[in-house]
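Subject: Structure for your review

Dear colleague,

Please find below the structure that I am handing over to you. My findings follow it, grouped by topic.

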Amino acid sequence: MYFRILLLIFFQLPGMVFASHYDSLTNLLAHQKHDSDRAKILLDDAWKWIYKNQDTSLYLAKKGLAVAEKSNYTKGIAMAHLRMASAYMMLSDYKNGMANAMRAQEMHDSMKMPKLLQSDYIILGNILKLQKEYDRAMVYFKKGDVLCHVLKDTSKLIINDRCIDLLYNSMKMNDSALKYSLNALELCKKKKATAQEGFALLDAARALQSLERFDEALDYFRQSLPFFKADNLAQSVAYQNMSRIYLKLNNIPEAKKNALIGKELFASNQTPSDDVELYDLLYKVYKADNNSTEALKWLEKYIKLKDSLFTESSNKQIAELDTKYETTKKEEQINAQKAELSRRDLIIYSSFGFAFLILIGAGISFYNYRKIRKLSNTLKEQKLSLEELNGLKDKLFSIISHDLRGPLTNTTALLDLFNQGEISPEKFKTYSANLSESLQHNLQLLDNLLNWAASQIRGLQINKKDISLQSLIDENIQAIKGAADKKKIILAEKNTTDVNIYADLSMARLVLRNLLSNALKFTPEGGQITIWSLAEGDKVKISVADTGIGMEQDLRSTIFSDSMNKSKPGTNLEKGFGIGLKLCKEFVEKNGGTISVESEIGKGSTFSFTLPLAA
């Protein structure tokens, strides 16, 4: 929240925001004779939108960049990159933000424009700070500090000192943070920068609060309030933090009073991270006030939103991962082949150049042409393989970050409520069966994910040995018996051949467990699952049949494909992710067998696989 307040004051520096004097931007642009003037208008408008709507700001900045490049307007090009860097930063696209800020810095440096370099340093420092690269961020802020002193630019120095203050705060170096917040406050008083003085007071109060100098912190928070008569967000920040201090001092009435004032001032359209801080405060205040009903309400909101933010953050991190182990290896292969392709290009061009003198040159050219074609085809195949692997990787991360993590988060939240006394032991018992079933489902999914990941990254080591088929079947039937009893499903065996098979035990166990679990998932209450085996030459065929919902032809034809498809929900809305059957096929084939399915809508499905008989 403090960083957002800093951005607000930074974006409102004199000379940085320009209002349009025309009702329509299109009309305004149409009246300009030169592209450079059009670029200026677009970039000024981009800056006007930077805090209101970052997507609009980015769109206008890109338009401005295109116009500036068309007219070779160098200053406009540099400014467009700076505008884009600001928008990307606020959109949390740090990679593009960093690239554009670096380009702006490079251009402003070459054009000897130190005042704009100050802005570049501030943006670069904040992007690195947001990525927790604190040491690199400090380098840019210190560069900005030196430049501000050289130019005697007090306004930018105030911003720069506040940035360093917030950076030290993130690093938990509270004494240093207080030093720079007080420096900024002193500069504000000398310059009579009233709006900025209020924010500097907030910064100093926050640093004093972290140092547990509570009386001084309360005094500074109160001093800041008159500066924010028209700024509800800043007032809310002050009151929320005063409430936190009063909680520390065990002054519950004052803590509650300030928290409620902060809540009333807090706009509902603030960012979710701001909401999380407020929900946490209200939960703690009501709990200290012994109002368990209100405390539980705000705790539930806090846990739900915090989990949502964590998931969103995880997804962003996942989106920024370019490759993992396998994709990195494939890219290295492609780069090596590209280098080889370039070398052979040189050979073929040379061959063509001398072809009219030496007949053999034609032969060499043809030979190299065929080699290049072969390399090109290989390159295309590896590109397709890379794209497929990337798709599987993205799907895997999506499952881990959302579907696998969700039930675990719900379990953690429930245990937290129980540990905090918000749920009685009797009520907790009613959740235990569902918790157990949810965790069992997660364990099987995690087992499938780990096996799939191992097969993709390093290949699976197969350890074949003689296995009793009857023991394997009995073990897996026993594993699902509890779940089958719950759905009133009959588990039946018929014509089971008591033989030994020659296979990897872990793989065989996983195949049979997945097929039985799927049968249980898609069979309604009161149905039946039957398992049997039959010797066929040097192999044994194991079948699992159910009286479930069955599947249509389109699904049957793709169910064992290499793509990772989302599976249908079960009869009790059980989730699936298309990994289990993919693994079954892979493991059966690695052990020298085959797998197949027969199914009819409304009548059930029969999955069969073969494994070699022991010698």
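Is Tyr180 buried or exposed? In this predicted model, Tyr180 has a relative accessible area of 12% and is therefore buried, since the limit for that class is under 20%.

Aromatic pairs

There are four aromatic pairs in the structure. One of them joins Tyr121 and Tyr140, whose rings are tilted, with 6.2 Å from centre to centre and 35 degrees between the planes. Because Tyr121 belongs to helix H7 (residues 114–130) and Tyr140 to helix H8 (residues 134–151), this pair ties together parts that are 19 residues apart in sequence. Tyr121 counts as buried, because its relative accessibility is 11%. Tyr140 is likewise buried, at 11% relative accessibility.

Tyr180 takes part in a pair with Tyr168: the ring centres are 5.9 Å apart and the planes stand at 35 degrees, so this pair is tilted. It links distant parts of the chain, with Tyr168 in helix H9 (residues 154–170) and Tyr180 in helix H10 (residues 174–191), 12 residues apart. Tyr168 has a relative accessibility of 11% and so counts as buried.

Charges over rings

Two lysine side chains deserve a note here. Lys301 places its charged end over the ring of Tyr279, at 5.8 Å from the ring centre. The charged end of Lys494 sits over the ring of Trp532, and the distance to the centre of that ring is 4.8 Å.

Nonpolar cores

The largest nonpolar core comprises 50 residues, and Tyr168 is among those with the most contacts inside it, as are Met84, Ala101, Ile123, Ile127, Phe141 and Ile164. Helix H5 (residues 74–90) gives the most to this core, namely 10 residues. Another core lies apart from it and has 38 residues, including Leu515, Leu516, Ile529 and Ile595.

Which residues does Ile164 contact, leaving aside its neighbours within four places in sequence? They are Met138, Phe141, Lys142 and Tyr180.

Helix H3

Helix H3 covers residues 35–48, 14 residues in total. From its first C-alpha to its last it reaches 20 Å, close to the 20 Å expected at 1.5 Å a residue. Its buried residues are Ala39, Ile41, Leu42, Leu43, Asp45, Ala46 and Trp47.

Arg509 and its surroundings

Arg509 is part of helix H21 (residues 505–521). With a relative accessibility of 25%, Arg509 counts as partly exposed. If residues up to four places away in sequence are not counted, Arg509 touches Leu472, Glu475 and Asn476. With Glu475 there is also a polar contact, side chain to side chain, at 2.6 Å. Arg509 and Glu475 are 34 residues apart along the chain, and their C-alpha atoms are separated by 8.8 Å.

Backbone angles in two loops

Most residues other than glycine have a negative phi. Asn72 is not a glycine, yet its phi is positive, at about 55 degrees. Asn72 lies in the loop between helix H4 (54–70) and H5, and it is exposed, with a relative accessible area of 60%. Lys132 also has a positive phi, of about 65 degrees, although it is not a glycine. Lys132 is located in the loop between H7 and H8 and counts as exposed, at 61% relative accessibility.

With kind regards

Conventions:
Residues are numbered from 1 along each chain as its sequence is written. This is a predicted model: local features need pLDDT of at least 70, side-chain atom pairs count only at pLDDT 80 or more; totals for chains, interfaces and linings use all residues. Side-chain values use heavy atoms; hydrogens and water are left out. Rings of Phe, Tyr and Trp (its six-membered ring) pair if their centres lie within 6.5 Å; planes under 30 degrees apart count as stacked, over 60 as edge-to-face and the rest as tilted. Helices (H or I, at least four residues) and strands (E, at least two) are DSSP runs, numbered from the N terminus. Buried means under 20% relative accessible area, exposed over 50%, partly exposed in between (1.4 Å probe, protein chains only). A charge sits over a ring if NZ of Lys or CZ of Arg is within 6 Å of the ring centre and within 35 degrees of the ring normal. A nonpolar core is a set of buried Ala, Val, Leu, Ile, Met, Phe, Trp, Tyr and Cys residues joined through side-chain atoms within 4.5 Å. Contact means heavy atoms within 4.5 Å. The expected span of a helix is 1.5 Å times one less than its number of residues. A polar contact is a pair of N or O atoms within 3.5 Å; within protein, one must be able to donate a hydrogen and the other to accept it, and residues adjacent in sequence count only if both atoms are side-chain atoms.
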